[in-house]
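Colleague: I would like to learn how to read the features of this model. Please take me through the sheet, the helix and the rings.

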Amino acid sequence: MKKSDILRLLEKRFEYLPKREVERTVEKILHFFSLKLSQGKRIEIRDFGTFITKQRESRKGRNPSTGEKINIKKKVFVHYNPGKNLKKKLNEK
């Protein structure tokens, strides 16, 4: 599902809101998530899951096309851990 699909579904669900307001609200939520994660904060949405940042240390690797050894820099990435209720819903079928 893409962002445009989410916006379309929310616009149908909240017909009484102007489309621009729905889009602005989604943008604000995504901006808030990005800001807090970039500050190293944890985002927990009960029954859905938790977003945290983790750091992958630098390491040696290989270029798959040439086989040449390369240094891979350390990087920060977002890790998602699903909540209990989401896990339960996914495994009901």
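Modeller: Start with the sheet. Three strands form an open sheet in the order S1-S2-S5, and the pairing is antiparallel. Strands S1 (43-45) and S5 (75-82) stand at the edges with a single partner strand each, so one side of each has no neighbour in the sheet. From one strand to the next, the twist averages 25 degrees. This is a predicted model: local features need pLDDT of at least 70, side-chain atom pairs count only at pLDDT 80 or more, and totals for chains, interfaces and linings use all residues. Residues are numbered from 1 along each chain as its sequence is written, and side-chain values use heavy atoms, leaving out hydrogens and water.

Colleague: How are strands and pairing defined?

Modeller: Strands of a sheet pair through backbone hydrogen bonds, either parallel or antiparallel. Helices (H or I, at least four residues) and strands (E, at least two) are DSSP runs, numbered from the N terminus. Two strands pair if DSSP finds at least two bridges between them. Here S1 and strand S2 (residues 49-56) pair in the antiparallel sense over three bridges. Glu44 has Thr50 in S2 as its bridge partner.

Colleague: Which strands does H2 touch?

Modeller: H2 packs on the sheet and touches S1, S2 and S5. Contact means heavy atoms within 4.5 Å. The direction of H2 makes about 135 degrees with that of S1. Axes are lines fitted to C-alpha atoms, for helices over the stretch in contact, and angles run from 0 to 180 degrees between N-to-C directions.

Colleague: Is Ser38 buried or exposed?

Modeller: Ser38 is in helix H2 (residues 19-38). Its relative accessible area is 60%, so Ser38 is exposed. The classes are buried under 20% relative accessible area, exposed over 50%, and partly exposed in between (1.4 Å probe, protein chains only). The Ser38 side chain reaches the backbone oxygen of Leu35 at 2.7 Å. Ser38 and Glu21 are 17 residues apart in sequence and 25 Å apart in space, C-alpha to C-alpha.

Colleague: Which strands form a hairpin?

Modeller: S3 and S4 do, with six residues between them. Four bridges join S3 (residues 59-62) to S4 (residues 69-72), and the two run antiparallel. Lys60 stands opposite Asn71 in S4. In the turn, Gly67 has a positive phi of about 80 degrees.

Colleague: Now the rings. How many aromatic pairs are there?

Modeller: A pair of aromatic rings is described by the distance of the centres and the angle of the planes. Rings of Phe, Tyr and Trp (its six-membered ring) pair if their centres lie within 6.5 Å; planes under 30 degrees apart count as stacked, over 60 as edge-to-face and the rest as tilted. By this rule there are five aromatic pairs. Phe14 and Tyr16 form an edge-to-face pair, 6.1 Å centre to centre with 90 degrees between the planes. Phe14 is partly exposed at 28% relative accessibility. Tyr16 is exposed at 66%.

Colleague: What about Phe51 and Tyr80?

Modeller: Their ring centres are 4.9 Å apart and their planes are at 45 degrees, so the pair is tilted. The pair links distant parts of the chain: Phe51 sits in strand S2 and Tyr80 in strand S5, 29 residues apart. Phe51 is buried at 19% relative accessibility, whereas Tyr80 is partly exposed at 29%. Ring pairs link Phe32, Phe33, Phe48, Phe51 and Tyr80 into a cluster.

Definitions and conventions: A polar contact is a pair of N or O atoms within 3.5 Å; within protein, one must be able to donate a hydrogen and the other to accept it, and residues adjacent in sequence count only if both atoms are side-chain atoms.
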